[in-house]
Amino acid sequence: MTYLAKPKLHHPSLPRNALGFTRRDYEGPVSTLCAGCGHDSISAAIIQAFFELAIPPHRVAKLSGIGCSSKTPTYFLGQSHGFNSVHGRMPSVLTGANLANRDLIYLGISGDGDSASIGLGQFAHIMRRGVNMTYIVENNGVYGLTKGQFSATADKGSKSKAGYSNEDEPIDLVMLAVTLGATFVARGFSGDKGQLVPLIKAAVQHKGAAIVDVVSPCVAFNNHPGSTKSYDYVRAHNDTVNFLDYMPEREPIVARSEPGGVQTVVLHDGGAIRVRRVDESYDPTDKVSAMAYLEARREAGEVVTGLLFVNECDADLHDAQNTVGVPLNALSDAELVPGSAALAKVNASLR
Amino acid sequence: MSPTDIANPDYFHKVVDCQWACPAHTPVPEYIRLIAQGRYDDAYLINWKSNVFPGILGRTCDRPCEPACRRTRVEEGSPEHRRASARPEPVAICRLKRAAADMKGDIRERLPRRAAQGNGKRVALVGAGPASLTVARDLAPLGYHCVVFDRDAKAGGMMRTQIPKFRLPDAIIDEEVGYVLDLGIEFRPGVEVGSMRELLAQGFDAVFVGSGAPRGRDLDIPGRREAAKNIHIGIDWLSSVSFGHVGRIGRRVVVLGGGNTAMDCCRSARRLGGEEVHVVVRSGFDEMKASPWEKEDAMHEGIPIHNYLVPKAFVHDGGKLVGITFDKVEARYDAKGRRELVPTGEPEVRFDCDDVLVAVGQENAFPWVERDLGVEFDKWGMPVVDRITMASTRPGVFFGGDAAFGPKNIIWAVAHGHDAAISIDRHCRGEDLRQRPPPTFQLVSQKMGIHEWSYDNAITPERRHRVPLKDTVIALKSIKVEVELGFDAKLAWSEAQRCLNCDVQTVFADKLCIECDACVDICPMDCITFTADGDEPELRTRLHAPAVNLAQDLYVSGALKTGRVMVKDEDVCLHCGLCAERCPTGAWDMKKSYIEMTHAGGTPRVHLPGRAPAPAALAAD
Ligand SMILES: Cc1cc2nc3c(=O)[nH]c(=O)nc-3n(C[C@H](O)[C@H](O)[C@H](O)COP(=O)(O)OP(=O)(O)OC[C@H]3O[C@@H](n4cnc5c(N)ncnc54)[C@H](O)[C@@H]3O)c2cc1C
Ligand SMILES: Cc1ncc(C[n+]2csc(CCOP(=O)(O)OP(=O)(O)O)c2C)c(N)n1
Ligand code: SF4
Ligand code: SF4
Ligand code: SF4
Ligand SMILES: [Mg+2]
C-alpha cells in the first residue's frame with residue numbers, strides 16, 4: 001500500500017473519450033492491497049474498459065462481497081455507485097438492485113472464496129436467473145484476506161505456501177456458469193490486459209448474465225512454485241483459444257480474414273464482437289463441444305483463456321418475469337397505488 | 001534496443017534536466033531540497049562550489065536550467081492548468097539560489113583555505129570578470145600564484161560595470177568577489193594589459209585571457225556624427241552610470257536594440273530622468289534576444305517595446321538631436337524558410353527624443369594580442385579556442401568567458417573558467433590536456449521503509465510563486481534600489497516543493513521483475529511499458545503514451561522472463577516513487593544520483609552514502 005495519493009497530474013497526451021473524460025477520471029483512490037496483487041491489474045483493466053466504452057460513471061453500480069477482491073471496487077470507478085455486501089451474498093443484493101432499477105449497468109466483483117466457497121449457492125442462482133450484469137471473479141485459489149487458506153477453486157495437488165497439498169477437487173466456475181445457463185462466459189489472466197480489457201468490454205455490452213473468471217495471482221500467499229495460480233504457472237500453461245475485438249455499433253462490422261479465422265458475434269445493442277481464433281477448432285457458440293474441450297484441458301493442467309461460451313439470446317430476468325419497463329423509482333404514486341377499483345379487478349381475476 | 005547503460009554517469013545526469021542544462025552542472029535538486037530543510041548554508045556551498053557566484057547568479061543568471069525544467073512539461077497535463085489556461089512554468093531555480101544566498105549565515109569558515117604553501121607556478125589572468133575569477137578560485141587553493149590584471153579599479157568585470165545596481169547591488173558583488181580574492185590572489189587593479197608579448201615575457205607558467213567582449217557596436221546612419229552628443233553606445237553609457245560619471249538623461253529616450261543590454265539601458269534611463277522611454281527593435285517582439293522576464297520587467301516599468309522598425313536617420317536641429325526615423329518592415333520567408341525583413345512601403349515612423357541609447361550588439365577586440373605569437377585568430381578576429389580545453393593555439397595560453405567565443409553570460413564564463421583551470425593545472429604538470437577528470441557519480445537508495453523515502457515524494461499542484469517586487473514608484477526613484485525583494489523563507493519553501501527531485505532516479509533491476517504490471521498501473525504519467533523489444537524509433541510509437549520528446553531518453557531493460565523488455569520514457573516522470581512503492585519485488589528502487597563536476601586538481605571524492613555531500617570537504621580538495 002502507499003500513503004501517497006496518486007498525483008492528479010497526467011501525461012499531456014492522455015486521450016479523452018466521447019464524454020471528454022480521460023482514463024484517470026475512471027480511477028478511485030490508491031489501492032491498499034499488497035503491492036503486485038493481480039487484483040490491482042484487474043482494476044486497471046476495468047478502468048480501461050469503462051473509459052473506452054465511454055460509460056458515464058454515474059450509470060454504473062458496482063457490488064461486491066468480502067475479500068481482497070471484494071475490496072477492489074473502492075479502487076476503480078470512484079464516481080460510481082457502490083455496495084460492499086456480506087461474504088458470498090453479493091449476488092442476491094445485485095439481483096435485488098437490478099430488479100429495482102433496471103437502467104443501471106451492474107458490475108459484480110467477487111473472489112473465488114466469496115463465489116465458490118461461502119457464496120456458491122448465490123452464485124448458482126444469479127447465473128441461472130440470467131440477471132443482466134457483468135460478474136467478475138478475481139480468482140487466486142486462496143482466501144487472500146484471511147491469509148491464504150485454500151479456496152474451493154484451488155486445484156487438486158497444488159501446494160500451499162507452507163507446503164501442504166490440496167486434496168479436494170476444485171470447483172471450476174467457468175464450467176459451472178456454462179451449465180447453469182450464463183450466456184457470456186470468459187476467462188482471462190490479470191497479467192494479460194491486452195486480452196482482458198476487450199473481454200470485459202464485451203461482457204459489459206452483453207445482455208444477460210456475463211461472467212469473466214480472471215486468474216489473479218495472490219503475490220502474498222499463492223505465487224510460489226507448486227501453486228497453479230502463480231504468475232509463472234499461468235504464463236506457462238495459458239491455453240488462449242481466442243482474442244476479442246469489441247466493436248461498437250457505429251463501426252462497420254467487417255469480417256477480416258486472419259490466420260485462425262474470425263467469427264463475428266452481434267450483440268443485442270447492435271455492436272459486435274470479433275472473435276479472433278487462436279485455436280481453429282474452438283467454437284464459443286457450441287456449448288457441448290466447448291465444455292468437452294474445457295474439461296479436457298483442465299485435466300491436462302492447462303488454463304484455457306478467451307471467450308469460452310456465448311449465447312446472444314437477448315433475454316434477461318426482467319424479460320422472463322415480465323417486469324415493468326422502467327426503474328421502480330421512476331414510477332409515480334398513481335402507478336404504484338392504482339386505487340381500490342384496480343384492486344377489486346385483481347381480486348376478481350383470482351376468484 | 002540494447003539495454004541502457006546506467007553505469008555511465010551521463011545517463012542519469014541527463015535525467016536531471018536542469019543540472020544537465022546548466023553550463024556548470026550545478027546539482028540543482030540537491031540544493032533545492034536543502035533550502036526546503038532550511039539548510040541555507042549547505043545549499044549555498046553546493047552552489048558556490050559549482051558556480052562560484054550564487055548570490056550574483058541568483059539575481060542575474062540567464063538560467064538555461066529553467067527552460068529545461070521537467071516541471072513545465074508535467075504541468076502541461078495538469079487539470080488545474082487546463083482550467084485556468086495559465087501557462088505551465090518551471091521551478092524558480094534561479095531565485096531559489098538567491099534565497100539560499102540571502103538566508104545563509106557566515107559561511108567563510110567553510111570555504112577553502114589559502115594554500116599553505118605555493119607550488120611555485122605563476123598564472124597571469126587578464127581581466128577580473130567571472131571567467132578569470134573562476135580560474136583563480138580553482139587554482140589558488142592548489143598552490144598556484146594567480147595574478148589578476150584589470151584596467152578597472154575593482155574586480156568583477158561586467159558584473160560590476162554593466163549590470164545595473166537595481167538588479168545587482170554592489171554589496172553582493174563585493175562579498176562574492178571577495179571570497180575569491182581572499183584565497184590569496186594577487187589582484188592588480190588599474191592595469192591595462194597592452195601587450196601579450198610583454199606579458200609572456202614575464203615568465204608566467206600560463207596565461208588566461210578573460211578580457212570579455214568590451215566593444216559596443218555602433219549604428220552608422222545619417223545624422224550619427226552631427227547629433228553625436230546625445231547618441232550613446234549602450235554598454236559605455238551603462239558603465240559610466242555604474243562609475244557615477246553619468247547621473248542624468250533626457251526626458252524622452254529611445255533605446256535601439258532588443259537584447260539584455262537594451263533592457264538594462266531602458267530601465268536605467270527610467271531612473272535617471274527618462275519619463276518617456278521607448279525600446280525599438282528591428283525584428284519581431286518574440287525574436288528579441290532579451291529573456292522573457294527582462295522584457296516583462298521593462299514593460300512593468302512603463303516602457304513600451306515597438307517592433308519591426310529599422311532605424312533610418314537621426315534627426316537633428318543644428319547638431320542637437322530631436323528625433324529618429326524608422327522604416328516599417330515585415331517578416332517574409334523565402335522558399336528555404338529564411339526570414340527577411342521587407343519594407344512595407346508605409347510612411348516612415350518618427351520618434352521625437354532627447355537621447356538615444358544604441359544597444360545593437362557587442363564585439364570582441366584583441367588589439368593588445370600581437371599576431372605573431374602563435375595565438376591564432378580566425379577571419380572574424382576571434383581567437384581559435386578548443387571548446388573542451390579552452391586552449392589557444394599557443395601552448396600555455398588559454399581563453400574563456402566572452403573573450404573565447406563572443407558575448408554569452410556569467411554562467412558560461414564560470415563554466416569556461418572551470419574547464420580552463422583544469423587545463424592550466426594539467427599544462428603546468430605536463431599532462432595531456434585532452435584527458436578530462438570524470439565527474440563524481442554516486443547512486444544511493446532512498447528507501448527507508450515500505451513507503452518511506454528519505455526524500456519528500458509528494459507532488460504539490462502549486463503554481464510557480466512570483467518574487468515580490470519593490471513598489472515601482474519607489475524603485476524608479478533611484479538607480480540603486482534593488483527591484484526584486486527575493487523569496488522569504490516561507491515562499492522559498494513553497495517554491496522548493498515544486499521541484500520533482502529528478503535526481504532521485506527510478507532504477508530497474510530486470511532480474512527481480514515478475515511482470516505483475518503493478519508499476520504500469522500505478523504510474524500517473526504512463527511512463528512504463530512492458531513490450532516486445534524493437535528499434536528505438538518504432539518502440540517510441542507503441543509505448544503506453546507515445547514518446548515524442550526525442551531529447552529525452554528511453555530506459556530499456558534486458559530481456560525479462562516473458563521475453564519482453566521494460567521501457568521507461570523519462571520525459572514526464574514525476575519521480576514520485578509510486579512505481580517503487582507498488583513493486584512487490586523491489587525491482588524498482590528510487591536511488592539518488594549525485595553528480596558533481598570535478599574541478600582542477602580534484603580527484604573524484606567519495607561522499608557518505610545517503611547524505612548531502614559535506615561542502616566543507618572542499619577545503620581538503
Ligand atoms: C548590459 C549588460 C547586462 C548583462 N546582464 C547580464 C545578466 O543579467 N546575466 C548574465 O549572466 N550576464 C549578463 N551580461 C553578460 C555578462 O556580463 C558577461 O557575459 C560576463 O561578465 C563575461 O564575463 P568575462 O569574465 O568573460 O568578462 P567580463 O565580465 O567582460 O570582464 C572582463 C574584464 O576584463 C577587463 N579587461 C579587458 N581587457 C583588458 C586589458 N587589456 N587589460 C586589463 N583588463 C582588461 C575589463 O575591464 C573587464 O573588467 C550582461 C552584459 C551586459 C553588457
Ligand atoms: C460470513 C463470513 N465468514 C467468513 C469471513 C472471513 N473471510 C473474510 S475474507 C474470506 C475469504 C475471501 O476469499 P476470496 O473471496 O477468495 O477473496 P481474496 O481475498 O482471495 O481476494 C473469509 C473467509 C467473513 N468475513 N464473513
Ligand atoms: S493477500 Fe493476496 S489477494 Fe490479498 S491483497 Fe495481498 S496479494 Fe492480493
Ligand atoms: S516515479 Fe515511477 S510512478 Fe512516479 S512518475 Fe516516475 S515512473 Fe511513474
Ligand atoms: S511492479 Fe515490479 S515486479 Fe511488477 S512489473 Fe513492475 S517492476 Fe516488475
Ligand atoms: Mg481468493
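## The shell around ligand 3

In this predicted model, the residues around ligand 3 comprise eight nonpolar, three polar and no charged. Here Ala, Val, Leu, Ile, Met, Phe, Trp, Tyr, Cys and Pro count as nonpolar, Asp, Glu, Lys and Arg as charged, and the others, Gly among them, as polar. Among the residues that surround ligand 3 are A:Cys34, A:Cys37, A:Cys68 and A:Cys218, and the list also includes A:His39, A:Asn140 and A:Gly144. A residue belongs to such a shell if one of its heavy atoms lies within 4 Å of the molecule.

As for the ground rules, residues are numbered from 1 along each chain as its sequence is written, while chains are lettered from A and ligands numbered from 1 in the order in which they are written. Because the model is predicted, local features need pLDDT of at least 70 and side-chain atom pairs count only at pLDDT 80 or more, whereas totals for chains, interfaces and linings use all residues; side-chain values use heavy atoms, with hydrogens and water left out.

## The shell around ligand 5

Over to ligand 5, which has 14 residues around it. The closest are B:Cys513, B:Cys516, B:Asp517, B:Cys519 and B:Cys583. By class, this shell holds eleven nonpolar, one polar and two charged residues.

## Two helices in chain A

Helix 5 (residues 120-129) and helix 6 (residues 173-180) of chain A pack at about 45°, their axes 8 Å apart. Helices are DSSP runs (H or I, at least four residues), and strands are E runs of at least two, numbered from the N terminus. Axes are lines fitted to C-alpha atoms, for helices over the stretch in contact, and angles run from 0 to 180 degrees between N-to-C directions. Helix 5 of chain A is therefore oblique to helix 6 of chain A; angles under 35 degrees count as roughly parallel, over 145 as roughly antiparallel, 65 to 115 as roughly perpendicular and the rest as oblique.

In the contact (heavy atoms within 4.5 Å), helix 5 of chain A contributes A:Leu120, A:Phe123, A:Ala124, A:Met127 and A:Arg128, and helix 6 of chain A contributes A:Leu173, A:Leu176, A:Ala177 and A:Leu180. These residues divide into eight nonpolar, no polar and one charged.

## A helix pair in chain B

Helix 4 (residues 40-51) and helix 18 (residues 410-428) of chain B meet at about 70°, with axes 9 Å apart, which makes helix 4 of chain B roughly perpendicular to helix 18 of chain B.

## Aromatic pairs

Over all chains there are 16 aromatic pairs. Rings of Phe, Tyr and Trp (its six-membered ring) pair if their centres lie within 6.5 Å; planes under 30 degrees apart count as stacked, over 60 as edge-to-face and the rest as tilted. B:Phe366 and B:Phe399 have ring centres 5.8 Å apart and planes at 80°, so this pair is edge-to-face. The two residues are 33 residues apart and link distant parts of the chain.
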